[in-house]
Amino acid sequence: MADKTIVQLAVFEAPARRVFEALTDSAQHSAFTGAVASIDARPGGSFSAYDGYISGKFLELEPGARYVQRWRASDWPESVFSTVSVELGEKRGVSTLRFTQQGVPEAFAEEIAQGWHDFYWDRLRLYLEKSPGR
């Protein structure tokens with residue numbers, strides 16, 4: 001099965017620590033996405049998001065800075081996983097998120113790439129603006 005790599009860059013007017021926490025804390029993740037998330041943010045810890053549509057495990061985690069996940073969507077072929085890498089940098093309270101997802105099944109790549117913008121980066125940006133000092 002052919003696969004694709006998705007590479008994206010997102011900028012948030014918030015400290016990297018806040019961006020990282022929103023992505024890796026079950027309550028905050030659920031709050032900004034509007035869907036149930038269960039996240040055990042530690043190497044080997046499991047996660048699920050969007051009411052179980054997304055699931056996987058953390059492979060690496062450096063709090064506030066980066067993480068790597070084994071990631072899959074529930075409508076992908078059985079036992080197919082991708083690797084998601086998120087790296088955060090910060091300058092003067094503005095965070096840059098570098099995102100890479102390797103091994104996305106080709107048939108799903110365009111939808112998944114757009115989904116990161118629509119269901120993650122845009123919603124996370126709004127969430128951080130509404131709760132800046134959290």
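Analyst: The answers below concern a predicted model and take up its helices, its sheet and its aromatic pairs.

User: Why is α1 called roughly perpendicular to α2?

Analyst: Helix α1 (residues 16-24) and helix α2 (residues 26-33) pack at an angle of about 90°, and their axes are 5 Å apart. Angles of 65 to 115 degrees count as roughly perpendicular, so α1 is roughly perpendicular to α2.

User: Which residues of α1 and α2 meet, and what is the make-up of that contact by class?

Analyst: From α1, Arg18, Glu21, Ala22, Leu23 and Thr24 meet Ser26, Gln28, His29 and Phe32 of α2. The contact of α1 with α2 comprises 3 nonpolar, 4 polar and 2 charged residues. The charged class takes in Asp, Glu, Lys and Arg, so Arg18 and Glu21 belong to it.

User: Which residues take a positive phi in the two hairpins?

Analyst: In the hairpin of β3 and β4, with 4 residues between the strands, Tyr50 has a positive phi near 50°. In the hairpin of β4 and β5, with 3 residues between the strands, Gly64 has a positive phi near 80°.

User: What makes β1 and β2 the edges of the sheet?

Analyst: The open sheet has 7 strands in the order β1-β7-β6-β5-β4-β3-β2, with antiparallel pairing. β1 (3-12) and β2 (38-39) each have a single partner strand, so one side of each lacks a neighbour in the sheet. Helix α1 packs on this sheet, and its direction makes about 155° with that of β6.

User: Why is the pair of Phe99 and Trp116 called tilted?

Analyst: It belongs to a set of 16 aromatic pairs in the structure. The ring centres of Phe99 and Trp116 are 4.4 Å apart, with 50° between the planes. Rings pair if their centres lie within 6.5 Å, and planes under 30 degrees apart count as stacked, over 60 as edge-to-face and the rest as tilted; therefore this pair is tilted. Phe99 lies in strand β7 (residues 94-105) and Trp116 in helix α3 (residues 106-130), so the pair ties together parts 17 residues apart in sequence.

Technical notes
Residues are numbered from 1 along each chain as its sequence is written. This is a predicted model: local features need pLDDT of at least 70, side-chain atom pairs count only at pLDDT 80 or more; totals for chains, interfaces and linings use all residues. Side-chain values use heavy atoms; hydrogens and water are left out. Axes are lines fitted to C-alpha atoms, for helices over the stretch in contact, and angles run from 0 to 180 degrees between N-to-C directions. Angles under 35 degrees count as roughly parallel, over 145 as roughly antiparallel, 65 to 115 as roughly perpendicular and the rest as oblique. Contact means heavy atoms within 4.5 Å. Two strands pair if DSSP finds at least two bridges between them. Rings of Phe, Tyr and Trp (its six-membered ring) pair if their centres lie within 6.5 Å; planes under 30 degrees apart count as stacked, over 60 as edge-to-face and the rest as tilted.
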